[in-house]
Amino acid sequence: FGDLRNQIEELFDGYTMEEIAGICDGALIPGTMCSTTQEALREPQLHVRGMVAAVEDPQLGMLEMPGKPIKFAGKEEPPLQPAPILGADNEEIYGGLPAWGGRLEELRARGIL
């Protein structure tokens, strides 16, 4: 946005986000404050609603990630699982394909899988 961005930054320099939101509300300018990722992760309501999930990854340790965005009243939500280690599902995936099923050992030996 070039010069316009510079003008807006100069205009609001020294104001807090709350003050800017108040100015915009007073002028009937629609909008709201945006949180940084770090600020959002500290919001208690996101944790209460299960929007931030903690998952133990066997290689990386404890990770925080977005929870499932759609919730159903009265339904228990299963916990999120870490992603499988690369290649962990090869047997299941390739074993069910007629062209690959009998060649898994050969492909592993050649370093393809």
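Lys and Arg count as positive here and Asp and Glu as negative, with His and the chain ends not counted. The place of each charge is taken as NZ of Lys, CZ of Arg, CG of Asp or CD of Glu.

What you have open is a predicted model, where local features need pLDDT of at least 70, side-chain atom pairs count only at pLDDT 80 or more, and totals for chains, interfaces and linings use all residues. Residues are numbered from 1 along each chain as its sequence is written, and side-chain values use heavy atoms, leaving out hydrogens and water.

Start by selecting those charged side chains: there are 9 positive and 19 negative ones, and the centres of the two sets sit 12 Å apart.

Now switch to cartoon view. From the N terminus, the elements go α-α-α-α-β-β-α-α (DSSP runs: helices are H or I, at least four residues, and strands are E, at least two). The chain's radius of gyration, 25 Å, is well over the 13 Å that the globule rule gives for 113 residues, so the chain is more spread out than a compact globule (taken over C-alpha atoms; the rule is 2.2 Å times the number of residues to the power 0.38).

Next, look for aromatic rings. How many aromatic pairs does a search of the whole structure find? The search turns up one. Select Phe-12 and Tyr-15: their ring centres are 6.1 Å apart and their planes at 70 degrees, so this pair is edge-to-face (centres within 6.5 Å; planes under 30 degrees apart are stacked, over 60 edge-to-face, the rest tilted).

Definitions and conventions
Phe/Tyr/Trp six-rings, centres within 6.5 Å; stacked < 30°, edge-to-face > 60°.
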